[in-house]
Amino acid sequence: MSTQKLKEIIKQVLPDVETVICWQEGFDKLNVTPIFITSPEQADKVVWNALCAQNLASYLPSQKKKVAVAVKGCDSRTIVQYMQEGLIDRNNVVIIGIPCKGVISKKKVQKAIGNEPVEDVTFTDGSVKVKTPSGEKTFAIADVCPSKCTSCQFPTPIVYDQLTADAIQSDKPAESVYADVAELEGKTLEERRAYFLSQFDKCIRCYACRNACPMCVCQDSCIAETRDPHWITQKLSLDEKLMFHMIHALHLAGRCVECGECERVCPMEIPVAKLKKKINKEMKELFDYTPGVNPEDKPPMYTFNVDEAKIKEHKL
Amino acid sequence: MSEVAPKELRIVGFLCNWCSYGGADTAGVGRFKQPTDLRIIRVPCSGRVDPMFVVRALITGADGVLVSGCHPRDCHYSDGNFYARRRLEMLKRLLPFLGIDDKRFHYTWVSASEGAKWQQVVTDFTKQVHALGPMHQK
């Protein structure tokens, strides 16, 4: 239903833009992959379902001409953040907004079906049926969604030019966003240290989290790989892994839009976004700032107040 | 035997060229007694201090890191320390989340004429880090 409307909108906007970025079916029914549409026939390949987890807004800063992009509510925050930082020209982007009730974590489904090959996937309202050689299994989307969906505040895109369905409101409490961070804060210093070291020890430094991150706009000139300055070495040690994750977290201070791409692509299932969420929580407290919500805002690290109301001098 | 001085720890200090470095100099010229654990790195401005400097120092062997610049509104480059204040405050709140005691990291403002204050800062911070002991077990 919504897919039909999406195709119609794509055909309607295509004459005005160079490319339309959307999702299509991947190599099997459980996989969805981006499609760059340049002709009306291609628009029929488009799909929209709960598998469309990838944040397509990430492609925008590298586009030279006018493009259209399909975004979910969470993805639209990426666009707002790009606008705040001057990384895109809003006049060169047509935003097709899709109200979303939650996506599926492919990894969670694969785990639940024992990594069997998938023959068919069908969606009914709020649940997904996966067919494998050994039978069919039905999951509620709420049970196999990534953690970002359990506390989603923006099911409807914040900025859009066209909307594929009626806007929906969030039914999740605002406090739930940082519940996982608050839980960790309740632990002792040693427990937290042990937790993070054991998590980061799994890192294989594939840098997939950085490559997938929409706000990591340095990409090929990332200081994790430059020789000058030589911030981290090729040495296989926990210190270097920790160092890499600190680079990622500190360079996203007050910029992370919590789209969850880093955790989605991590092959080692490291909670990569935790450090960034913690910084966001502090930004909210210190500067009442949430990344990717208001295009008129300025990221807190790009500016200052002569008298900071909430920063007190530390005593020794 | 008389009491043995405790083993020296490694504390890295990032000092801005215009105020705190001058303040440390004033303390030296005034012959104020200070602990010798601090290794000073001179930077053009506290705004030059990337939070990564602090993290790198702590991960690769420092037991404590001190950052000091001009007082707010007194920056030689007018607004460097305003940016620094936001970044360092963010770091100060992030470190304990990662399991690093935030007492190992301190940022403060010392002007070139405040030799006595500099002595106080170094003495107190060194004491604070010594109370926590070495960060890296050998």
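Trainee: Where does A:R205 lie?
Mentor: A:R205 lies in the loop between α6 and α7 of chain A. Helices here are DSSP runs of H or I with at least four residues, strands are runs of E with at least two, and both are numbered from the N terminus. Before we go on, this is a predicted model: local features need pLDDT of at least 70, side-chain atom pairs count only at pLDDT 80 or more, and totals for chains, interfaces and linings use all residues. Residues are numbered from 1 along each chain as its sequence is written, while chains are lettered from A and ligands numbered from 1 in the order in which they are written.

Trainee: OK, and what is phi of A:R205 near?
Mentor: Phi of A:R205 is near 50°, which is a positive value in a residue other than glycine.

Trainee: Which peptide bond is cis?
Mentor: The one from A:D228 to A:P229, with omega near 5°. A:P229 has its place in the loop between α7 (208-212) and α8 of chain A.

Trainee: Switching topic: how is chain A divided into domains?
Mentor: Domain 1 covers 1-103 + 151-172, and domain 2 covers 175-303. Those bounds come from an automatic or database domain assignment. The C-alpha centres of domain 1 and domain 2 of chain A lie 25 Å apart.

Trainee: How many residues does the contact take from each domain?
Mentor: 20 residues from domain 1 of chain A and 18 residues from domain 2 of chain A. Two residues are in contact if their C-beta atoms, placed from the backbone, lie within 7 Å. On the side of domain 1 of chain A that touches domain 2 of chain A, there are nine nonpolar, seven polar and four charged residues. For those classes, Ala, Val, Leu, Ile, Met, Phe, Trp, Tyr, Cys and Pro count as nonpolar, Asp, Glu, Lys and Arg as charged, and the others, Gly among them, as polar.

Trainee: What about the sheets? In what order do the five strands run?
Mentor: The order is β2-β1-β3-β4-β8 in chain A, an open sheet with mixed pairing. Two strands pair if DSSP finds at least two bridges between them. β2 (32-37) and β8 (162-163) of chain A are the edge strands, each pairing on one side only. Within that sheet, β1 (residues 19-25) and β3 (residues 67-71) of chain A pair in the parallel sense over three bridges, and A:T19 stands opposite A:V67 in β3(A).

Trainee: And the three strands, in what order are they?
Mentor: β5-β6-β7 in chain A, also an open sheet, with antiparallel pairing. β5 (120-124) and β7 (135-140) of chain A stand at the edges with a single partner strand each, so one side of each is left without a neighbour in the sheet. From one strand to the next the twist averages 20°. β6 (residues 127-132) and β7(A) pair over six bridges, and the bridge partner of A:T132 in β7(A) is A:G135.

Trainee: Now the interface. How many residues of chain A are in contact with chain B?
Mentor: 26 residues of chain A, against 27 residues of chain B. α6 (189-200), α8 and α10 (274-287) of chain A each supply at least two residues of the chain A side. α8(A) gives the most, with six residues. That side of chain A divides into 17 nonpolar, one polar and eight charged.

Trainee: At what angle do α8 of chain A and α2 of chain B pack?
Mentor: Helix α8 (residues 238-251) of chain A and helix α2 (residues 51-59) of chain B pack at about 165°, with their axes 11 Å apart. Axes are lines fitted to C-alpha atoms, for helices over the stretch in contact, and angles run from 0 to 180 degrees between N-to-C directions. α8(A) and α2(B) are therefore roughly antiparallel, a label for angles over 145 degrees.

Trainee: Which residues meet there?
Mentor: A:D239, A:L242, A:M243, A:M246, A:I247 and A:L250 in α8(A) meet B:P51, B:M52, B:V55, B:R56 and B:I59 in α2(B). The residues of this contact divide into nine nonpolar, no polar and two charged.

How values were computed
Parallel < 35°, antiparallel > 145°, perpendicular 65-115°, else oblique.
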